[in-house]
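Trainee: Please take me through one part of this model closely. I would like the local picture, then how the neighbouring pieces are built.

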Amino acid sequence: MAEGRKQTGTVVTRFAPSPTGYLHIGGARTALFNYLFARHHGGKFLLRVEDTDRARSTESAIEAIFDGLSWLGLAGDDEPVFQFARAARHAEVANALLDAGHAYKCFATPEELAALREQQRAARQPMRYDGRWRDRDPSEGGDAPYVIRLKAAREGETVIEDAVQGRVVVQNAELDDMILLRSDGTPTYMLAVVVDDHDMGVTHVIRGDDHLNNAFRQLGIIRAMDWPEPVYAHIPLIHGQDGAKLSKRHGAMGVDAYRDELGMLPEAVNNYLLRLGWGHGDDEIISREQAVEWFDLPGVGRSPSRFDLKKLESLNGHYIREADDGRLALLVAERMDPLDDDAAAQARLHQLAAIMPALKPRAKTLVELTDGAAFLFAKRPLTVEEAAAKLLDENARALLGTVVERLDALPDWSLEALEAAIRAIAEEAGLGLGKIAQPLRVALTGRTTSPGIFDVLLHLGRDETLGRLQDQAGLLQASGSGPQI
């Protein structure tokens with residue numbers, strides 16, 4: 001097959017998901033690579049929704065895909081193109097190929113094609129259309145239903161100089177005359193993709209290497225129409241840690257699940273996806289600005305990358321530690337039960353932002369941040385976890401009574417004053433700090449783990465702290481013993 005014309009001018013890339021489900025993690029990486037390549041070369045990044053499968057395409061899936069792309073900061077530069085709406089244009093190209101002698105009408109019936117496949121299967125031959133209507137007069141078909149097939153080259157070979165895979169060669173004898181237009185007049189995916197890429201001015205087709213075989217067939221349409229050929233870049237797929245194709249058991253969920261269920265930050269997901277199959281020396285933490293500056297196709301490897309959820313969590317922990325406290329407070333508040341009162345909601349945000357410096361070093365996800373902050377808003381009396389309750393024995397409760405007396409008398413509720421008071425109690429009792437910190441932690445949070453105990457005291461505030469300690473120390477009994485608030 002003759003070489004076609006090469007693309008020139010501004011770089012244009014596209015991401016073209018099928019709206020039959022969520023935006024999966026592999027699709028998100030493909031979108032990211034297309035976005036970064038376009039930005040790196042000062043070009044355009046476009047979106048196309050390949051919604052020709054009407055039975056499986058849903059509005060909810062379209063919304064989920066756009067929502068995921070928006071969250072990752074991968075919105076297209078123009079309004080998205082919807083493939084189904086362009087069916088008339090696809091049919092126009094198929095008929096143009098027919099008129100030019102590059103395509104033909106095929107009247108083979110489903111029964112004939114099924115028999116052909118059975119013969120080929122029995123003979124252990126590749127199952128492909130045998131071109132039986134390629135050179136026949138279409139008038140022989142009469143008024144019977146027909147499809148339009150491309151007249152694929154039969155001699156020689158087709159070569160793709162893939163920007164990732166390198167030189168790839170296929171013998172044209174292996175390519176059959178694929179269907180362009182079905183008998184009901186609807187275009188096939190193979191035709192629609194080529195027409196849309198051309199009309200959108202796409203210069204670089206960056207997609208998964210599971211589409212590599214499609215490229216050889218699609219080139220037949222491009223060259224028959226004498227259209228400029230795009231640069232192809234087929235990136236290896238993502239595998240699980242065990243080397244198998246990525247699946248749900250490896251963490252292959254929708255992008256929305258990484259946000260909503262796992263509590264990831266978009267910059268962490270972007271950074272992790274960038275490093276799945278692309279690298280820049282030993283750099284691990286890469287900002288969007290650096291990614292745009294550094295990303296190019298020669299940096300993409302040819303081998304499948306392996307998805308590691310633990311590494312993503314670790315990277316997410318880094319970005320949480322770097323994130324603005326006010327932003328994290330908003331994200332954590334969104335994961336909590338909503339408050340109808342605006343003043344209460346603002347007060348909660350203020351509390352969350354204030355305690356973020358104490359929570360961030362321990363958290364890898366927003367889920368952990370939210371869980372770590374929950375003690376601030378727990379209702380009295382606290383529900384104490386079973387394992388933690390064992391630490392509140394009689395001696396511990398008596399010690400809590402002493403803590404209440406000392407803290408109630410503090411003139412200044414500051415981190416320094418609180419730490420000095422607790423350390424003094426521990427010293428007087430001949431105890432290590434941990435012996436007093438643990439029952440304190442349980443009494444104030446209901447758990448054995450929390451931020452540092454002095455941060456817990458500070459951020460709960462005087463009234464809430466003393467109230468919770470009195471609850472656990474048993475100082476609210478009818479006898480009225482012990483100091484009251």
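Mentor: Start with T52. T52 is partly exposed, at a relative accessible area of 29%. Keep in mind that this is a predicted model. T52 sits in a loop, the one between β2 (44-49) and α2 (59-71). Set aside the neighbours within four places in sequence, and T52 is in contact with Q83 and F84.

Now step along the chain to V147. T52 and V147 are 95 residues apart in sequence, and their C-alpha atoms are separated by 17 Å. V147 belongs to strand β5, which covers residues 147-150. That strand deserves a careful look.

Side chains first. In a regular strand they alternate between the two faces of the sheet. In β5, V147 and R149 point one way. I148 and L150 point the other way. All four of these residues are buried. The charged R149 is thus among the buried ones, as the cut-off for that word is under 20% relative accessible area.

Next, the sheet. Three strands form an open sheet in the order β4-β5-β8, with antiparallel pairing. Its edge strands are β4 (103-106) and β8 (179-181), each of which pairs on one side only. Neighbouring strands are turned against each other by 45 degrees on average, direction ignored.

Take the two pairings in turn. Strands of a sheet pair through backbone hydrogen bonds, either parallel or antiparallel. β4 and β5 pair in the antiparallel sense over four bridges. Within that pairing, K105 stands opposite I148, and Y104 stands opposite R149.

Helix α11 (residues 325-334) and helix α12 (residues 342-359) have axes that come within 8 Å and cross at roughly 125 degrees. This angle makes α11 oblique to α12. The crossing of α11 past α12 is right-handed. From α11, the contact is made by D325, G326, L328, A329, L330, V332 and A333. From α12, R348, L349, L352, A353, M356 and P357 take part. By type, the contact residues divide into ten nonpolar, one polar and two charged.

Note on methods
Residues are numbered from 1 along each chain as its sequence is written. This is a predicted model: local features need pLDDT of at least 70, side-chain atom pairs count only at pLDDT 80 or more; totals for chains, interfaces and linings use all residues. Side-chain values use heavy atoms; hydrogens and water are left out. Axes are lines fitted to C-alpha atoms, for helices over the stretch in contact, and angles run from 0 to 180 degrees between N-to-C directions. Helices (H or I, at least four residues) and strands (E, at least two) are DSSP runs, numbered from the N terminus. Angles under 35 degrees count as roughly parallel, over 145 as roughly antiparallel, 65 to 115 as roughly perpendicular and the rest as oblique. A crossing is left-handed if the near helix is turned anticlockwise from the far one by less than a right angle, and right-handed if clockwise. Contact means heavy atoms within 4.5 Å. Ala, Val, Leu, Ile, Met, Phe, Trp, Tyr, Cys and Pro count as nonpolar, Asp, Glu, Lys and Arg as charged, and the others, Gly among them, as polar. Buried means under 20% relative accessible area, exposed over 50%, partly exposed in between (1.4 Å probe, protein chains only). Two strands pair if DSSP finds at least two bridges between them.
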